[in-house]
2 protein chains.
Amino acid sequence: MDITLSIDAMGGDHGPHVTVPAALKALAEDDQLNIVLVGLEDAIQAELKAHKSSISPRLRVHHATEVVLMDESPQSALKNKKDSSMRVAINLVKSGEANACVSAGNTGALMATARFVLKTLAGIDRPAIASALPSEDGSTYMLDLGANADCTPEQLLQFAVMGAMLVSCVEHKANPTVGLLNIGSEDIKGNEVVKAAGELLRDSHLNFYGNIEGDDIFKGTVDLVVCDGFVGNVSLKTTEGLAHMMGKFLTQEFKKNWLTKLMALGAMPVLKAFKKRLDPRLYNGASFLGLRGIVVKSHGGADAVAFHHAILVALEEARSGVLRRITEQLEIEHIKPEPHQAISAEAVTETL
Amino acid sequence: MDITLSIDAMGGDHGPHVTVPAALKALAEDDQLNIVLVGLEDAIQAELKAHKSSISPRLRVHHATEVVLMDESPQSALKNKKDSSMRVAINLVKSGEANACVSAGNTGALMATARFVLKTLAGIDRPAIASALPSEDGSTYMLDLGANADCTPEQLLQFAVMGAMLVSCVEHKANPTVGLLNIGSEDIKGNEVVKAAGELLRDSHLNFYGNIEGDDIFKGTVDLVVCDGFVGNVSLKTTEGLAHMMGKFLTQEFKKNWLTKLMALGAMPVLKAFKKRLDPRLYNGASFLGLRGIVVKSHGGADAVAFHHAILVALEEARSGVLRRITEQLEIEHIKPEPHQAISAEAVTETL
């Protein structure tokens, strides 16, 4: 199936130096993929030339005159950068010229722009951020990872529906298990929002496993972990901190003296294999779910390997028809479409 | 300074097999320590005998006829086990016969019993659970780790006051830094409760660092991390899960074939040193803060090394006068004592 992706070529810490080679790699691997690189034409062309490549029927460059800065406020991006590479890449999804968009630009601006341009799906209050994480069992998906600090039980149900359809489509799992992140396995455990969300999930048509606890995320107890964006973000960042500390301690122990350095040399192949299994680049690419279009956010500091993975995430989402599946499941769950309301730029950024 | 600790000798998965040798070790190390072992006298005496030890002026046995089970409900423990080793150990703190109590019994029952017997300090709504965690910089304290799933901003301030005084006393840090766990460093970040708590903390006399994120916990950015019990519990358990997965992956890589097994053998001293640095047994002993008495909770599965560490935590708290310091700081922060209310067993367990 032919898929066209729009890529915000200027986004992220490294811009075209990363986005262009990653796009070229993806094109070389998949002859049914088309890519539109959006951004400053000169910069993109220079990078294409540096890779001995050029535009082709499957690779277009779409000029956009502005760039959203990595520390720019969502408000400023929305108001002042109407011809930014980020916004134009999303516009191409809106107009149907692209099936999905990928950006390593700043999260707040990308979320605000995507919400403003694409709007949310009927029945969805607010979009959520989902990503795959490594687990003992392969991988586990989790949402929301930080878009919504305060959530209602109804929103947690919406997240569950969207996330379950994502896993179902992208991982080709017929009926993925859904776990509600909590502080105990019994139904009566947790805060008020989570207890009410548990009731909604038990009454849903999803494959609800029940409550899970923090340690279940990496055990791979369920296919999808549902939580509010505050808990999701804290929990994810905590693990980043722990992994960093463990890595640092291991390095320190191996560098203690000439004998331990020798041991490190001997164990290097194993340590490398271990590191590769947890390589965060191979989990790069977070899905913005709940929009009327597919948007994938790459880590801002991504290198070409990581950005390439984010492209694959967008490609798989587009190819597997995740939007249609989410819409269908929202209907099954009787999550009713609200009458469509025009949303202003102010309203979008106010709630960020 | 002479300190007497009451020890729930029956608590935990292993009862006297663990609590008795740990107590004997602590007594041997500190000649100003007295211990009362509370529980089934025969079982305790048998264990003492197995260690070629017996009662002495510094080691008493206090018979208690009942044992709270590890999966018993707090309600049942409170109502039906009035002569349990757990309850009697806490009674000794209440009566002043012991300066602090240590138990590896079940958390819910211990918290309910401690609240019912000791009551909360004037100005404190609900007790919180605090513990030290390893960090790149030494150690970081964190609370609440799971006692309170729903918190008000005022409660988060109370946690901060109690936690800061704990760190100040136990770690001998004059003015420990306090961080509010959040999903961004700016004041406007976070959910409504955390934003309001941030304002209270900025107005307090504590050394408030500001918002911190999940990865700051293990970086050691601050001395004390404050969060509600839902976030604290999820975040702590998530790290347990990650550490378990990383350990499993490392083992798998080293066990892959005869060559990697050889490498593991070569690297063993370093791997052991690494493991020791993160040994959870050396962080065992969580403080129940906010009660009119010192209660330290050991992990239920603790071995003698771990339980011994929990004893040291209780000893240090008692010796450093943490209760007095908390009371003083609550006054400085104008956290007003409410008129004392009698609390029923039902009221205690209802809110668990």
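The dialogue below treats the sheet, then the helices beside it, then the interface.

Modeller: This is a predicted model, in which local features need pLDDT of at least 70 and side-chain atom pairs count only at pLDDT 80 or more, while totals for chains, interfaces and linings use all residues. Residues are numbered from 1 along each chain as its sequence is written, chains are lettered from A and ligands numbered from 1 in the order in which they are written, and side-chain values use heavy atoms, with hydrogens and water left out.

Colleague: In what order do the strands of the open sheet in chain B lie?

Modeller: Helices (H or I, at least four residues) and strands (E, at least two) are DSSP runs, numbered from the N terminus, and two strands pair if DSSP finds at least two bridges between them. Here 11 strands of chain B form an open sheet with mixed pairing, in the order β3-β2-β1-β4-β11-β10-β5-β6-β9-β7-β8. Its edge strands, β3 (59-63) and β8 (207-212) of chain B, each pair on one side only.

Colleague: In which sense do β10 and β11 of chain B pair?

Modeller: Strands β10 (286-289) and β11 (294-297) of chain B pair in the antiparallel sense, over three bridges. Within β11(B), B:K297 stands opposite B:A286.

Colleague: Which strands does helix α5 of chain B lie across?

Modeller: Angles run from 0 to 180 degrees between N-to-C directions, with axes fitted to C-alpha atoms, for helices over the stretch in contact; contact means heavy atoms within 4.5 Å. Helix α5 (107-118) of chain B lies across β4 (100-103), β5 (128-135), β10 and β11 of chain B, at about 175° to β11(B).

Colleague: How much area is buried between chain B and chain A?

Modeller: The size of an interface is often given as the accessible area lost when the parts come together. That buried area is found with a 1.4 Å probe and summed over both parts. Between chain B and chain A it is about 4900 Å², with carbon and sulfur atoms giving 73%. Of the area that chain B buries against chain A, B:E136, B:F230 and B:R277 supply 14%, more than any other three residues. The contact takes 50 residues from each of chain B and chain A.

Colleague: How many salt bridges does the rule find across this interface?

Modeller: A salt bridge requires a side-chain nitrogen of Lys or Arg within 4 Å of a carboxyl oxygen of Asp or Glu. The rule finds six between chain B and chain A; one of them joins B:K237 and A:E213 (2.4 Å, N to O). On the side of chain B that touches chain A, α9(B) gives the most, with 21 residues.

Terms used: Buried area = accessible area lost by both parts, 1.4 Å probe.
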